[in-house]
Amino acid sequence: MDTLDEPLDVLKFSIAQQIYIKMRNNIELKGTLVSYDNHLNMIISKAEETSIQEGIKTKRKLDALYLRGDGIILISPLKKGITSL
């Protein structure tokens with residue numbers, strides 16, 4: 001059983017798994033985590049972006065996406081089985 005010892009372990013255990021990301025400016029993403037670094041810059045594949053701007057909700061699908069870590073508010077794995085200490 002995998003345990004989380006440090007905050008970035010959530011990402012380490014989520015490589016090649018589906019994750020949910022909430023970003024600034026009312027943007028939400030779901031996709032497969034390909035890679036990340038210590039600044040939370042990420043590469044996501046098979047992403048679905050949902051954006052709400054001026055009350056209008058739009059969705060689009062993206063094959064690959066590079067995210068800058070400073071725009072990320074929340075990251076959550078969609079995989080079950082990750083446990084804490």
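**Exercise 1. Work out which strands pair and how the sheet is ordered.**

Step 1. Strand S3 (residues 42-53) and S4 pair in the antiparallel sense over 11 bridges. Strands are DSSP runs of E, at least two residues long, numbered from the N terminus. Two strands pair if DSSP finds at least two bridges between them.

Step 2. Find a residue pair across S3 and S4. Ala47 stands opposite Leu62 in S4.

Step 3. Place the strands. The order is S4-S3-S2-S1-S5, an open sheet of five strands with antiparallel pairing.

Step 4. Look at the edges. S4 (56-67) and S5 (72-77) each have a single partner strand, so one side of each lacks a neighbour in the sheet. From one strand to the next, the twist averages 25 degrees. Axes here are lines fitted to C-alpha atoms, and angles between N-to-C directions run from 0 to 180 degrees.

The model is predicted: local features need pLDDT of at least 70, side-chain atom pairs count only at pLDDT 80 or more, and totals for chains, interfaces and linings use all residues. Residues are numbered from 1 along each chain as its sequence is written, and side-chain values use heavy atoms, without hydrogens and water.

**Exercise 2. Describe the whole chain.**

Step 1. List the elements. From the N terminus they run α-β-β-β-β-β. Helices are DSSP runs of H or I, at least four residues long.

Step 2. Take the box. The C-alpha atoms fill roughly 45 × 20 × 20 Å along the principal axes.

Step 3. Check burial. Buried residues (under 20% relative accessible area, 1.4 Å probe, protein chains only) make up 33% of the 85 residues.

Notes:
Buried < 20%, exposed > 50% of the residue type's maximum accessible area, 1.4 Å probe, protein only.
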